[in-house]
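Subject: Structure handover

Hi there,

Here is the structure I promised to pass on to you. Have a look at it first, and then read on for what I found in it.

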Amino acid sequence: MPPLQSLQLRRLLLRKLCSSSLCLSSSSSSSSFIRKPHLVTSSELTPASSPFRHYQLTTSTFHFLSLHQIYLSRTFSSSSEIPTDYYQIAQSLSSELVKDPETEPLPIVERLTLSFSHIVPTPPIVLAALNLSSEAGRTVLGFNEWLVSNPKFDHSDETLSFFVDYFGRRKDFKVIHDVIVSGQAVAGPKTLASAIDRLVRAGRPTQTVAFFGRMEKDYGLKRDKESLRLVVEKLCENGSASYAEKMVKNLANEFFPDERICDVLIKGWCVDGKLEEAKRLAGEMYRGGFELGPMAYNSILDCVCKICREKDPFQLHSEAEKVLLDMDVNGTPRNAETFYVLINNLCKIRKTEDALKVFDRMGEWGCYPNAETYLVLTRSLYQAARVGEGDEMIDRMKSAGHGKLLNKKEYYSFLKILCGIERIDHALIVLQKMKKDGCEPGIKTYDMLMGKLCSHNRLDKANSLFNEALRKGIPVEPKAYQVDPRYMKKSKAVKKKEKKRETLPEKMARKRSRLKQIRLSFVKKPKRMMRRPT
């Protein structure tokens with residue numbers, strides 16, 4: 001086979017080139033010198049004098065070459081040198097998947113078989129390779145065929161759902177049909193959840209309902225109340241409550257709905273903002289012998305608060321009290337989600353003090369705040385410039401056992417609010433607290449703080465943050481930040497004394513003195529002779 005021989009020669013040549021290039025890179029990196037960069041302002045930054053141009057090109061090129069060499073050397077190594085880091089294997093797989101199939105002499109299945117015969121695929125490797133190959137398109141079908149034909153790999157419900165998610169992101173539902181049909185033996189709840197989720201998020205509720213009707217016949221997926229509940233939840237979460245209710249009513253003889261499904265339907269109408277439809281369905285539930293659960297009441301409460309925020313925020317308190325009174329009359333207890341809905345809506349209309357009062361009264365109903373309640377109150381306190389109380393709320397959240405949910409994303413939202421209200425000094429304090437909690441700031445955090453510090457004309461602190469990011473390996477880039485005119489150093493200019501307007505007495509006095517000078521100018525003054533003493 002001539003193609004196989006040429007490919008073997010190519011592999012030997014690449015292995016030789018990789019070994020030589022690794023030696024060259026190690027020798028050149030030991031003798032290289034890179035000067036330390038610094039931030040510059042907009043007046044100093046020019047295309048010819050940018051201090052980062054040489055540095056960025058050097059580091060990025062070396063990083064790319066070193067990674068490429070590692071991937072090639074490990075891909076074409078023997079079975080005794082199989083890498084342990086699955087991310088590097090996923091990078092190698094992705095580099096093959098994104099190649100243009102028209103320019104390659106062999107199809108993707110044969111290329112993967114020849115290059116990765118020593119690799120044992122695992123679900124994490126498959127998921128990472130698919131996430132890195134967003135531009136591969138239908139070439140991923142060859143990757144699926146290679147996995148099916150690989151004796152070292154067994155397709156499961158989880159790995160099949162990875163391919164359904166991949167093609168669902170591309171809205172290629174025809175290929176999803178083929179993938180599920182080919183993996184019908186292993187398709188299960190995860191595959192069903194991925195398919196339903198992608199259909200609903202693509203805005204295709206009609207196809208979602210049709211998929212549920214034929215999934216047992218076409219794909220071998222089991223139709224039961226659990227799968228019905230899954231479809232109803234997905235439809236209601238994405239604003240298709242009418243399709244979900246019609247589907248439930250049509251299948252009532254086969255799957256009689258329970259209270260959970262009814263509560264989800266009410267929540268779906270509330271997500272759409274249709275309060276009257278939610279109340280209608282709640283009335284039908286009462287007449288049918290069902291009782292509304294806390295989820296349904298919380299959804300109605302949230303819908304009422306949203307409508308009040310849009311139309312008349314002053315009516316929010318009274319309308320919310322009506323819903324809470326209905327809960328007490330019907331014997332439905334309040335839970336932590338009920339208080340979260342109230343506090344969240346109060347904070348959105350900037351009633352932070354009322355939200356704190358509701359927060360303090362949670363113990364009267366035996367409820368304890370969840371992590372979302374703490375986060376909403378912290379953001380609201382920072383937004384109201386009550387930074388000390390915001391720090392206390394963070395400490396209370398940690399003492400309540402929710403400190404693990406204070407991740408990088410939440411700290412970034414705190415820093416964004418503090419920078420927005422011009423509290424940059426306190427933002428730096430929160431940044432130190434973020435590092436102390438084990439959350440390392442990312443490129444967006446550093447970029448936002450450096451931009452705000454430069455706008456405040458605090459270039460020294462911005463430079464220190466920039467150098468700190470470089471030491472941590474974060475690829476921050478220098479930019480031309482504009483200094484706020486309020487914080488620019490203004491030169492002290494000598495003010496000219498403006499002539500004041502003369503009053504009438506001053507004007508008359510000036511005229512009299514001038515007239516006197518004129519009169520005396522016509523009088524001949526006697527010459528005083530200096531006599532010498534005798």
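**Aromatic pairs**

The structure holds nine aromatic pairs, where a pair means rings of Phe, Tyr and Trp (its six-membered ring) with centres within 6.5 Å, called stacked if the planes are under 30 degrees apart, edge-to-face if over 60 and tilted for the rest. One of them joins F143 and W146, which are stacked with 6.0 Å centre to centre and 20° between the planes. These two residues sit three apart in helix α6 (residues 140-149), so about one helical turn separates them. Helices here are DSSP runs (H or I, at least four residues), as strands are (E, at least two), and they are numbered from the N terminus. F143 counts as buried at 1% relative accessibility, and W146 counts as buried at 4%; buried means under 20% relative accessible area, exposed over 50% and partly exposed in between (1.4 Å probe, protein chains only). Another stacked pair is F211 and Y219, at 5.2 Å centre to centre and 25° between the planes. Both F211 and Y219 are buried. Ring pairs also link F143, W146 and F163 into a cluster.

**Where the model comes from**

Before going further, please note that this is a predicted model: local features need pLDDT of at least 70 and side-chain atom pairs count only at pLDDT 80 or more, while totals for chains, interfaces and linings use all residues. Residues are numbered from 1 along each chain as its sequence is written, and side-chain values use heavy atoms, with hydrogens and water left out.

**The chain as a whole**

The chain has 25 helices and zero strands. Buried residues make up 42% of its 534 residues. Taking contacts (heavy atoms within 4.5 Å) between residues at least 6 apart in sequence, 66% join residues at least 24 apart. The chain exposes about 32300 Å², and carbon and sulfur atoms supply 55% of that area, computed by the Shrake-Rupley method with a 1.4 Å probe; for residues, only the protein chains shown count as cover.

**Helix α10**

Helix α10 (residues 205-218) has 14 residues and reaches 19 Å from its first C-alpha to its last, close to the 20 Å expected at 1.5 Å a residue; the expected span is 1.5 Å times one less than the number of residues. There is also a kink of about 40° in α10, centred on F212, with the bend at a residue taken as the angle between axes fitted to the seven residues ending there and the seven starting there. The buried residues of α10 are P205, T208, F211, F212 and M215. What covers them includes α8 (173-182), α9 (189-201), α11 (225-237) and α12 (241-250). Just after α10, G220 takes a positive phi of about 75°.

In helix α5 (residues 123-131), the buried residues include I125, V126, A128, A129 and L130. Their cover includes α3 (86-97), α6 and α7 (157-169). In α6 you will also find G142, which is buried with a relative accessible area of 8%. G142 and L97 are 45 residues apart in sequence, yet 8.7 Å apart in space, C-alpha to C-alpha. Not counting residues up to four places away in sequence, G142 touches I108 and V109.

I176 lies in helix α8 and counts as buried at 6% relative accessibility. Leaving aside neighbours within four places in sequence, I176 is in contact with V164, F167 and G168.

**Cysteines**

How many disulfides does a search of the whole structure find? The search finds zero, a disulfide being a pair of cysteine sulfur atoms within 2.5 Å. For C308, the closest cysteine sulfur is in C305 at 6.6 Å, too far for a bond. C308 is buried, with a relative accessible area of 9%.

**Two loop residues with positive phi**

Most residues other than glycine have a negative phi. R350 has a positive phi of about 65° although it is not a glycine. It lies in the loop between α17 (336-348) and α18 (352-360), and R350 counts as exposed at 56% relative accessibility. N457 likewise has a positive phi of about 65° without being a glycine. N457 lies in the loop between α23 (443-455) and α24 (459-471) and counts as partly exposed at 27% relative accessibility.
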